[in-house]
Amino acid sequence: MKSRSSKLNYDRYGYFFIAPFFIVFLVFGLYSMVYTFNLSFTDLKGWNRDYNYVGFKNFVDLFHNPLFMKSFYNTFIIWIMNFVPQITLAIILAAMFTNPRLKLRGQGIFKVLFYLPNIITAASVSVLFYVLFNHPTGPINQLLVNFGILEEPYNFFRDKLASRSIVAFIQFWMWYGSNMLILIAAMLGISPSLYESAMVDGASNTKIFFKITLPLIKPILLYNLITSLIGGTQMFDIPFLLLGGAPDYSTETIAMFIYKQAFTGANNYYIASAASVVLFLVVILLSAIIFKFFHMEPERKRKGVK
Amino acid sequence: MKRTKKMSLLILALIMSVSIFAGCGKKNEKKELVVWTFTDEIEKIVNNYYKKDHPDLPYDIVVRVIPNEQYQTKLDPVFSTGKGAPDVFALEGAYAKKYINSGHLASLSADGLNLEGELVEEQYPYVVDMMRGKDGVLRGATFQATPGAFYYRRSLAEQYLGTSDPAGVQQYVKDFSTFIATGEQLNIQSNGKVKIVSSFSDLYKVFYAARTSPWIVDNKLVIDPKIDELMETTKALQEKKLTNETVEWSEGWFADMSGDSAFGYFLPTWGLSYVLKPNAKKADGSTTSENDWAVTQGPAPYFSGGTWLSVYDKSNMKEEAKALVEYITSNEGFLKSWAKDTGDFLSNKKVVEQIKGDFKEDFLGGQNHYELFASHAGDIDASIVSGDDGTIGGLLSEQVIAYALGEKQKEQAIEDFKLAVKNAFPDYQVE
Amino acid sequence: MNNNLTARSLFIYLLCLVLCAASLMPFWIMIVNATRSTEQIQQSFSLIPSHYLLTNWDVLVGKGFNVITGFLNSAFIAFSSALLTIYFSAMTAYGFVTYRFKGNRFLFAVVLGIIMIPGQLGMIGFYQFMLRLNLTDSFIPLIVPAISTATAVFFFKQYLDATLQPEIIQAARMDGASELAIFHRINLPLMKPALATIAIFSVVGSWNNYLMPLILINSQEKYTLPMMVQLLKTDIYRTELGSMYLGIMLTVLPLLIVYFSLSKYIISGVALGGVKE
C-alpha cells in the first residue's frame with residue numbers, strides 16, 4: 001500500500017469487483033426509481049395513461065396536507081419507541097453472548113431463538129396480536145380483568161398511545177434478534193487476541209466492552225442505525241395489517257400514506273410519488289447527519305484497526 | 001478460483017435454463033380463454049358446469065383464482081399497462097364501479113356484446129344497475145343476488161317480545177328508532193343479558209344503502225341525512241349499552257352467535273350458510289342456537305357482497321367470453337342446478353320465481369328464506385353506488401366509531417371525515 | 001463479587017427465558033390453531049390443541065394445489081437469490097474496501113442512496129419494465145435483482161471496515177495470488193459469520209415475499225408456497241382458518257431448518273481462527 005504506482009495498478013481492479021452490482025441495478029432498479037421521480041412532477045392518477053407536468057405543485061400541496069404531516073410524526077414516534085429499546089437489548093445480548101468470561105449455559109439455543117419472531121410473516125404476526133389485544137373478549141383483556149387489574153375490558157385499539165405502543169412493541173420484538181445477530185457477527189469478527197491481552201491486563205467486562213468492543217463495532221452500529229432508520233421510515237406491514245391507521249390516524253405511517261394514495265381512493269400516483277421523493281430526501285438528510293455524527297472518515301478509521 | 005467461477009457459471013446457466021423453460025411453457029397450440037376471479041365459485045362453475053355442458057370447446061379455459069385482498073393490486077397494473085389482462089374477470093360489489101368506469105371493460109349493451117336486453121328483462125334491477133357506467137352503458141353481469149336481512153333468535157323474540165313470527169318481529173325492527181326502542185326493551189327485560197346486536201358495525205351497510213344521495217354529486221361531496229342518523233343510532237346503541245361492543249368478524253362477534261347474548265345479526269343471503277350455520281353451535285359443544293333462528297327484512301333493504309363478471313375490452317376472444325358470461329347469467333338449466341347444489345340466491349328473477357317454492361330451511365325453524373329474499377330483492381336500489389364507496393365508507397367508519405365511543409364531538413368527526421375525503425380524492429370539492 | 005455475579009447471571013437467565021417464551025409463543029399458537037377447527041378459532045383464543053389436524057390437512061390438500069411444486073419453486077427462488085446476494089454483495093463490498101479507485105466514495109454513496117429509496121411505489125414501475133423486457137411469469141425478476149442488494153453490500157462493507165486487515169492482502173499479493181483468488185480464498189472464509197447472517201436474512205426475506213411473485217407470476221405451476229397458502233382465502237364467504245394455520249406452519253418449517261443449520265456459523269465464532277496477527 002506504500003508505493004504509489006503499485007497502488008494505482010491494483011486499484012483499477014476495484015471496478016471489476018463492483019461492476020456486477022451496478023450493472024444489475026441499472027437493468028432492474030433504475031427504471032422504477034426514475035419512473036417515481038418523474039411522476040412526482042406530474043398529475044398522473046386513476047386510469048389515465050397520459051399526464052402533464054405541474055412543477056413543484058405536488059410538493060407544496062403535501063406540506064399543506066395535515067394527514068401527511070401527521071403520518072410523518074407517527075412514523076418517527078413509533079420508530080423511536082421501538083428502536084431505542086431494540087438496539088439497547090441487542091447490544092446487551094450480543095455482548096453477553098460473545099463475552100468469553102460469562103460462560104452462559106445454553107446460549108446457543110438463546111441466540112437461535114431470539115431471531116425466530118422475524119421468520120413469521122407480518123400478516124400472521126398482526127393477526128396474532130390483533131386477537132391477543134382484542135376488545136372485549138381478547139385473552140389480554142380477560143387476563144387483566146380476571147386478575148382484577150382492570151374492572152372492565154379496555155379497548156386498546158381505540159387508545160392512541162396503546163395502539164402506537166403495540167405497533168412499536170411488535171416491531172421491537174420482531175427485529176431485536178436480527179440486530180443482535182448482526183452485532184454478534186460483528187463482535188465475532190473482532191480478533192480474539194485483543195480480548196485476550198485485555199483480560200491478561202485484568203480489565204473488567206465493562207471496560208473491555210466500552211474500550212474494545214464498542215469502538216470496533218462502530219461501523220456495524222452505524223449500519224444498524226442507518227438500516228433501522230430506513231426500515232423504520234418505510235414501516236408498513238405491521239401497522240397496516242394490524243390497524244390500518246386507526247385510531248384516528250395515529251398509526252398511519254408515511255409508507256401507508258403512500259400506499260393508500262397510490263392504490264386506494266382515486267389512485268393518486270402523483271401524490272404517492274411526491275411523498276416517496278420527500279421521504280427519500282428526509283432519509284438522506286438524516287443519514288448524512290448520522291454519518292457526520294459518527295465521523296466515519298474511512299482513512300482515519302482504517303488506521304484505528306491496525 | 002476455477003471452482004468458484006464454474007460454480008457461478010453453473011448458477012447462471014441454471015437460471016437461464018429456467019427462464020427459457022418458462023418462455024417455452026407459454027407457447028400452447030390451443031387458444032386460451034383466461035378468467036380471473038377472487039372466489040373459487042367461478043372456478044367451480046367453469047369446471048363443473050360450463051365445461052360439462054360444452055365438452056367440445058375449441059379452446060381452453062384457464063381460471064386464475066386470486067385472493068380478494070390482493071385482487072385489485074393484481075388487476076391495476078395489468079389495466080394501467082394494458083398488457084397481460086384476462087379475457088373475463090370477476091368483480092366484487094365493493095369495488096366493481098371503479099373498474100366499470102375505467103374504460104377498459106367491454107360494453108354489454110346493444111352497441112357491444114349485446115346482452116343488455118336479455119339481462120334487463122330477466123334480472124333484478126339492482127344487479128344490472130350496479131354494472132352501469134356513468135355513461136349508462138352496461139359492462140357486467142352476475143348470476144347471484146345478495147340481498148341482506150335481519151336474522152334473529154326465535155326463542156329470545158318469544159320470551160321478550162311476545163312473538164317469534166317474522167311478520168310480528170318485523171314490527172319491532174321496522175325502522176331505526178323502533179329498533180333502538182326494541183333494543184332497550186330487550187336490555188331491560190333481560191337485566192342486561194340480551195343485546196339487540198353484538199356489534200354496531202353490523203349497521204353501517206344498512207345505512208349506506210338507505211341513503212338517497214350518492215357520495216359525490218357534480219364533483220362535490222354530499223353527506224346524506226342518513227349519515228347523521230347512523231352516527232346518532234350507533235351512539236345511542238353504545239351509550240345505552242345495547243350491544244356487546246364487539247367488532248364485525250372478530251372472535252366475540254362469532255362467539256355471540258351460539259350464546260344467548262345477541263338477539264340478531266344483519267347479514268346477507270350468504271350469511272346464513274357461511275356465517276350463522278357453522279357458528280350456531282359453540283365450538284366446544286356447550287351451547288347451541290341451531291334451528292332457533294328466523295329472518296326478516298329489518299329497517300331498510302340493502303345488499304352486501306356479490307360477484308359480477310366483466311369482459312376485457314381489448315380481449316381477442318370477446319365472443320367466447322360473451323358465451324361464458326351469458327351461460328353463467330342466463331342459462332336456466334345451469335342456474336337451477338347451481339341454486340339446488342349450493343342454496344345460492346340467484347339474480348335471475350325468472351328462475352327465482354320458478355324455484356322459490358322449493359325451499360324450506362330447518363335452521364330457520366322451517367321458514368322459506370328464499371321467498372323472503374325474492375320478495376325484497378326487487379326493492380334494492382343500487383343507483384347511488386359509486387366506485388369510491390369502499391374508500392369513503394372506510395373513512396367514515398373511523399369517524400363514526402370515534403363519535404359513538406365519545407372520543408370526538410360530532411362536528412369534529414364530520415370535519416375530520418371531510419379532511420380525509422379531501423386527502424384521498426383531491427379532485428372532489430369538499431365544503 | 002461472586003454473589004454479585006450469580007445474581008447477575010440469574011437475572012440474565014431470567015431475561016433470556018422470558019424472551020425465549022415470547023419467541024416461541026407464536027409458533028405454539030400456530031401449532032395449536034393448526035389442530036383446531038375454523039369455528040373454534042373464530043370463536044375463541046386457546047393455547048390447548050384440539051383434534052382437527054387431519055380435517056385441516058384434508059382441506060389443505062383438497063384445494064387441489066400441489067404443495068411439493070410450491071415448495072420447490074419457493075426453494076429455488078430463495079436459494080438462488082440468497083446465493084447471488086451473498087456472493088456478489090461480498091464482492092462489491094470487498095471492491096469498495098480494498099481498492100482506492102477514483103469515484104470510490106461517490107459510488108458507495110450511490111449504494112447508500114439505493115437503500116433509501118422507499119419501496120412502496122417502485123412496484124408499478126418495476127412491473128411496467130418487466131413487461132417491456134417480457135419477463136413476467138418468469139422467476140428471473142424474482143432472482144437476478146438479488147445481485148444488487150444494497151443493504152447486504154453496506155453490511156459487508158461495514159463488517160470488512162471493522163475486520164479486514166490490509167496486511168493480509170498485501171502478503172497474499174507478495175505470494176503471487178490473483179486478486180479474485182485473494183477474494184475467494186482469503187476474504188470469503190474470513191467473512192463466514194457475516195455471510196451466514198445475510199444468507200439467513202436473504203432466504204427468510206425471499207421465502208416470505210408474497211406481493212412481488214403475486215404480481216409477476218401467472219401460471220399456477222410457478223406459484224410459490226405463500227401464494228398457495230393464500231389460496232385458502234379465495235372462498236370469500238369463508239376462510240378455512242385451521243387449514244390456513246397448517247399451511248403457514250408448513251411454510252415456516254423449511255425456513256426453520258435452513259435457519260438452524262446456518263446458525264451454527266453465527267453461534268460458534270471460530271471464523272477468525274486462521275488469521276495471523
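This briefing walks through a predicted model, chain by chain. Local features are described only where pLDDT is at least 70, side-chain atom pairs count only at pLDDT 80 or more, and totals for chains, interfaces and linings use all residues. Residues are numbered from 1 along each chain as its sequence is written, while chains are lettered from A and ligands numbered from 1 in the order in which they are written.

**Chain B: the overall picture**

- Let's start with chain B, which has 19 helices and 11 strands. Both are DSSP runs numbered from the N terminus: helices are H or I with at least four residues, and strands are E with at least two.
- Chain B has a radius of gyration of 25 Å, close to the 22 Å that the globule rule gives for 431 residues, so it is as compact as a globular protein of that length. That radius is taken over C-alpha atoms, and the rule is 2.2 Å times the number of residues to the power 0.38.
- Of the 431 residues in chain B, 46% are buried. Buried means that 20 or more other C-beta atoms lie within 10 Å of the residue's own, exposed means 12 or fewer, and partly exposed is in between, with C-beta atoms placed from the backbone.
- If you take the contacts in chain B between residues at least 6 apart in sequence, 75% join residues at least 24 apart. Two residues are in contact if their C-beta atoms, placed from the backbone, lie within 7 Å.

- Five strands of chain B make an open, mixed sheet, in the order β2-β1-β3-β11-β4. Strands pair if DSSP finds at least two bridges between them.
- At the edges stand β2 (60-65) and β4 (141-142) of chain B, each with a single partner strand, so one side of each has no neighbour in the sheet.
- Further in, strands β3 (residues 88-92) and β11 (residues 307-311) of chain B run antiparallel and are joined by 5 bridges.

**Where chain C meets chain B**

- How many residues of chain C are in contact with chain B? There are 37, and they touch 33 residues of chain B.
- Several helices of chain C each supply at least two residues to this side, among them α4 (67-98), α6 (122-132) and α10 (179-190).
- By class, that side of chain C has 17 nonpolar, 15 polar and 5 charged residues. Ala, Val, Leu, Ile, Met, Phe, Trp, Tyr, Cys and Pro count as nonpolar, Asp, Glu, Lys and Arg as charged, and the others, Gly among them, as polar.

**What UniProt lists for chains A and C**

- An unreviewed UniProt entry gives "domain: ABC transmembrane type-1" for residues 72-290 of chain A. UniProt positions follow the numbering used here, feature names are shortened, and annotations may be inferred rather than shown by experiment.
- That span of chain A, 72-290, is 73% helix and 0% strand, and its end C-alpha atoms lie 19 Å apart.
- The "transmembrane region" annotation, also from an unreviewed entry, covers stretches of chain A including 76-97 and 173-195. Residues 76-97 of chain A are 100% helix, and residues 173-195 of chain A are 91% helix.
- In chain C, the UniProt "transmembrane region" stretches include 75-99 and 139-156. Residues 75-99 of chain C are 96% helix, with end C-alpha atoms 36 Å apart, and residues 139-156 of chain C are 61% helix, with ends 26 Å apart.

- The peptide bond from A:His135 to A:Pro136 is cis, with omega near 0 degrees, and A:Pro136 lies in the loop between α6 (122-132) and α7 (139-146) of chain A.- A:Asp248 is not a glycine, yet has a positive phi of about 50 degrees; A:Asp248 is partly exposed, with 19 C-beta neighbours inside 10 Å.
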